[in-house]
Amino acid sequence: MASAIEQSIETGEHLLVQAGTGTGKSLGYLAPALLHVQGTKQRIVIATATLALQAQLATTDIPNALKAVRKVTGGEPAHAILKGRTNYACLLKTREGIANEQDTLLGGAELADNLKDSSADAESVLGAEVLMLREWAEEQLAQGGLADRDDAPAHTPRAWGLVSMPVRECLGAQRCPHGQECFVEASREKARVAQLVVTNHALLAIDAMHGGTALPEHEIVIIDEAHELVGRVTGAASAELSPQLVDRVAKRTLPWLSDDLGLEFLESADILRAALDDTEPGRIEDPGVMTTAFESIRDVSRRVVSGLGGKAGDKGRKDVDPEQQQASAAAKEVFDIAERMADLSTNDVVWVSESERFGRQAQVAPLSVAGLMRERILSETTTIMTSATLKIGGDFNQVAHQIGLRKADRLEGDRHDPDNPLAWRGLDVGTPFDYQRQGILYCATHLPNPRREGITPEALDEIAELVWGAGGRTLGLFASQKAAETAARHVRQQLPKMTILCQGDAQLSELTRQFIAEPEVSLFGTVSLWQGVDVPGETCELVIIDKIPFPRPDDPLMQARQKAVAEAGGNGFMAVPATHAGLLMAQGAGRLIRRVSDRGVVAVLDPRLVTARYGSFLRASMPDFWMTRDREVAVQALRRLGEARG
């Protein structure tokens with residue numbers, strides 16, 4: 001892997017590397033990356049999907065790799081971690097924000113602890129948390145820290161929202177009274193002098209969308225957890241518009257608007273609410289009541305921004321009211337979203353969604369991120385992507401297509417194409433695991449196909465039998481929260497002596513800790529467990545997948561992407577729903593074997609994995625386990641593992 005990455009850096013050819021669990025892929029790219037920047041003084045950006053991997057790189061992998069570089073070269077390249085603006089405390093908010101608790105004699109941390117232990121109301125606890133975070137931010141400033149949220153004392157998301165600044169509302173270092181001490185600017189400055197910068201997929205996407213303003217200039221980017229890239233870039237390029245948002249922003253702008261304009265802005269929220277009430281959830285493809293509402297919000301918010309800007313005067317002036325500028329920025333964001341939705345561009349998907357928590361709202365997302373990736377990243381920067389799951393259906397082409405690489409530009413063997421900025425290679429470096437000897441893939445072909453109404457009684461009995469065979473030690477991955485809860489109830493009834501945890505019983509982090517600490521405990525849950533749990537050893541000897549995780553058939557974005565592929569002459573089902581399911585099946589099955597001593601069974605209770613035409617595509621995406629359709633074989637294998645433990 002390191003050799004291939006070294007070659008990619010030298011030739012400028014893009015590289016997709018599938019590196020199985022246990023490969024040590026972070027060192028596989030850090031070694032050539034650090035050696036390169038040490039020798040050339042160029043800059044490399046590493047982008048991860050999760051904060052967990054970012055933290056692992058910062059605290060363990062990079063320090064270890066730097067020691068090796070120092071031994072070999074005698075030098076040590078500077079490195080930095082760079083996150084989005086809202087991950088850092090804002091001194092304007094901490095010093096000049098609203099809170100009544102500043103006059104208390106207690107310190108913030110002490111007050112927060114006392115209130116949490118009492119029956120104090122939520123607002124009092126919130127105020128105490130904000131005070132605690134303010135004191136912590138000042139300590140960070142005195143110590144030369146960056147006031148990174150990950151280093152903050154325990155707090156709620158709402159409290160952090162009161163001490164951090166959204167990107168749009170930031171005054172900028174030149175105009176902010178605390179600009180010289182700004183934590184975000186300090187993190188940016190550290191990144192500007194570093195040769196290795198670690199960031200996340202979302203910030204990489206924002207940098208691409210906004211012309212390179214979020215990251216320092218760089219020649220090479222290495223994207224880890226690349227199987228999540230399309231989803232993360234899509235998320236960064238998506239937006240929502242709700243009556244609550246428009247109403248909230250309108251109220252913020254009222255102090256600086258004429259009565260008539262302020263009232264019109266407020267009324268535009270009602271227009272949107274009425275349009276949403278008259279529109280069924282689903283994609284919006286033609287002009288109608290929804291586009292009329294978007295146009296109304298667009299037109300009034302444009303005049304609001306103009307009015308606020310006119311009163312604010314030149315953006316370079318320091319005497320402008322910060323609250324006015326932030327209100328103007330919020331109105332500008334509403335304008336941008338409404339304008340984008342009203343446009344109904346063929347490059348976007350606009351739809352109405354509905355949820356119990358938020359009611360109905362309008363959403364917009366890019367139909368594809370391939371163009372953005374191709375034009376703003378791949379055409380300008382040597383790009384290396386790696387993950388344990390990049391070969392979906394046994395090939396790189398599905399993932400390559402989604403991220404903007406074409407099959408025709410793929411290089412094989414000794415062939416090079418130095419004049420093609422989109423030339424790429426694919427490499428599967430394998431895995432240290434012997435999946436055929438370490439694991440069994442059991443597909444319950446005797447069960448009925450899954451149904452929309454919920455998990456079948458036959459599948460529930462199968463789950464109880466398998467959990468009994470494993471003696472607990474089960475990670476259950478379900479297609480829905482309802483299915484996970486139904487299965488947990490059934491297994492608790494059938495096996496009352498066993499502990500079955502279910503996502504939603506408590507914080508997921510607490511449930512995961514208990515699952516790891518107590519091997520005979522089982523944990524059932526949904527999508528966040530498919531990729532986010534790493535449990536080596538005897539704690540997890542059985543992974544149950546109740547249903548092939550196709551996206552919801554009524555998901556407007558997936559529907560639109562599938563339709564676009566079909567209209568272009570491709571197989572929409574295989575390119576979108578099957579690829580989505582293949583990726584999750586690979587990730588879910590990959591929870592079983594995390595080290596060379598692990599043994600166990602992956603049980604798939606959906607017979608379509610074998611009986612459907614697309615079954616071979618999905619199986620090719622998964623680890624190459626020995627396969628059986630016989631439940632007794634799977635149960636007896638699990639029982640033998642229990643006997644071996646004594």
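Let me start with helix H22, residues 556-567, which has 12 residues and spans 16 Å from its first C-alpha to its last. That is close to the 16 Å expected at 1.5 Å a residue, where the expected span is 1.5 Å times one less than the number of residues. Helices here are DSSP runs of H or I with at least four residues, strands are runs of E with at least two, and both are numbered from the N terminus.

A word on the source: this is a predicted model, in which local features need pLDDT of at least 70 and side-chain atom pairs count only at pLDDT 80 or more, while totals for chains, interfaces and linings use all residues. Residues are numbered from 1 along each chain as its sequence is written, and side-chain values use heavy atoms, with hydrogens and water left out.

Back to H22. After the helix comes glycine 569, with a positive phi near 95 degrees. The buried residues of H22 are Pro556, Leu557, Met558, Ala560, Arg561 and Val565; buried means under 20% relative accessible area with a 1.4 Å probe, protein chains only. These residues pack against helix H10 (229-236), strands S7 (282-283), S8 (348-355) and S9 (359-366), and helix H23.

Now strand S9. Because 7 of its 8 residues are buried, S9 is largely enclosed by the rest of the structure. S8 and S9 form a hairpin with 3 residues between them, and 8 bridges join this antiparallel pair; two strands count as paired if DSSP finds at least two bridges between them. Valine 350 has valine 364 in S9 as its bridge partner. Strand S6, residues 239-241, also pairs with S9 in the antiparallel sense, over 3 bridges.

Next, the open sheet of 7 strands. Its order is S3-S4-S2-S5-S10-S1-S11, with parallel pairing. S3 (79-81) and S11 (424-430) each have a single partner strand, so one side of each is left without a neighbour in the sheet.

Last, the cores. A nonpolar core is a set of buried Ala, Val, Leu, Ile, Met, Phe, Trp, Tyr and Cys residues joined through side-chain atoms within 4.5 Å. The largest has 87 residues, and Leu16, Met385 and Val602 touch the most other members. H23, residues 572-589, gives the most to this core, with 7 residues. A second, separate core has 34 residues, including Val249 and Phe265.

Technical notes: Buried < 20%, exposed > 50% of the residue type's maximum accessible area, 1.4 Å probe, protein only. Contact = heavy atoms within 4.5 Å.
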